[in-house]
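Okay, thanks everyone, let's get going.

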Amino acid sequence: MSVAGLKKQFYKASQLVSEKVGGAEGTKLDEDFKEMEKKVDVTSKAVTEVLARTIEYLQPNPASRAKLTMLNTVSKIRGQVKNPGYPQSEGLLGECMIRHGKELGGESNFGDALLDAGESMKRLAEVKDSLDIEVKQNFIDPLQNLCDKDLKEIQHHLKKLEGRRLDFDYKKKRQGKIPDEELRQALEKFEESKEVAETSMHNLLETDIEQVSQLSALVDAQLDYHRQAVQILDELADKLKRRMREASSRPKREYKPKPREPFDLGEPEQSNGGFPCATAPKITASSSFRSSEKPIRTPSRSMPPLDQPSCKALYDFEPENAGELGFHEGDVITLTNQIDENWGPRDWITFPSSDDLAKAPGTPGSEAPSLP
């Protein structure tokens, strides 16, 4: 920056401090100028907020807006022409209805109705996309251009005007110490900036009919969207009513329960869900332990037949020779055949009495004394 530029910055800063702190009065602008400046400021705030609210109206989900903005930025960086669109709520609802309608199948009245409603919702989403494009081209983009160009240019002129006013007021207070030519140049620059700013504000306020035209384009786009939406919903309502009439005219199917099949319980299963235990056969003994036939062992918890002699083992016996009978303590052995009256296994088994036979074998105290 040149020396003259540094001096001008010093003059403006000194004048600003004297006005803010010292209460010095600067050059007053006329009321018409202040009124235009106020209207331009209100217009700028209105356009900025209307733009933000319009985007919220078209794309109400802030998370989806943020994601879409990020994807559009990435697409621009990658040079992609087609940008992803905003996920319309009608489209999401339609996809949900179609998915569940297909799951219910064609035999379900509700499933068919969901398919019809889902297709209509997807059509509404397409119409909503058209509304977004129309509003963006004819309303959002022109207003955004107004903010980025015209209003920004007016703000630049006003800022330049304020700087030249401060420079002029500083030099005017030091009239006599500053050459008159320099003071005259400062006044000319101040008036020039004032005229430029005033002209730009006037042009903006006088051409506000353009903003009215843009607002009309917004309303036209909304009307077109709602007309198409009404048509789609009318068609859907007719379809659903027709389905209700068809369903009510069809005879109702009566429910006929199927005959119950006989249920065979079969063998009782173990309480822990395991395989059923097969009942073990009784152990039978022949008159000779060396018989060729293998005796049958009966678990200790099985009651012996009352019309045949039986006994309960007091200890285990492991057979040592072929044909011998092996058993465990507590096993009940039933005598099925006797060769003569002198034979009997009284040395190693005891026969239960008639009272002991009434007890459950295998329980404490169920061992019986030897029979006489």
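Let me start with F168, which is buried at a relative accessible area of 8%; buried here means under 20% relative accessible area, exposed is over 50%, and partly exposed is in between, with a 1.4 Å probe and protein chains only. Before I go on, the housekeeping: this is a predicted model, where local features need pLDDT of at least 70 and side-chain atom pairs count only at pLDDT 80 or more, while totals for chains, interfaces and linings use all residues. Residues are numbered from 1 along each chain as its sequence is written, and side-chain values use heavy atoms, with hydrogens and water left out.

So what does F168 pair with? The search of the whole structure turns up two aromatic pairs, meaning rings of Phe, Tyr and Trp (its six-membered ring) with centres within 6.5 Å, called stacked if the planes are under 30 degrees apart, edge-to-face if over 60, and tilted for the rest. One of them is F168 with F190, stacked, at 6.0 Å centre to centre and 5° between the planes. F168 sits in helix 5 (residues 109-173) and F190 in helix 6 (residues 180-206), so the pair ties together parts 22 residues apart in sequence. F190 counts as buried too, at 6% relative accessibility.

Now stay on helix 6. The axis of helix 2 (residues 31-58) comes within 10 Å of the helix 6 axis, and the two cross at roughly 50°; axes are lines fitted to C-alpha atoms, for helices over the stretch in contact, with angles from 0 to 180 degrees between N-to-C directions. That makes helix 2 and helix 6 oblique to each other, the class left over once you take out under 35 degrees (roughly parallel), over 145 (roughly antiparallel) and 65 to 115 (roughly perpendicular). Who meets whom there? From helix 2 we have F33, M36, E37, K39, V40 and T43, and they meet K194, A197, E198, M201, H202, L204 and L205 in helix 6.

Zooming out, the chain has eight helices and four strands, with helices (H or I, at least four residues) and strands (E, at least two) taken as DSSP runs numbered from the N terminus. The order is α-α-α-α-α-α-α-β-β-β-β-α. Of the 372 residues, 30% are buried.

Conventions. Contact means heavy atoms within 4.5 Å.
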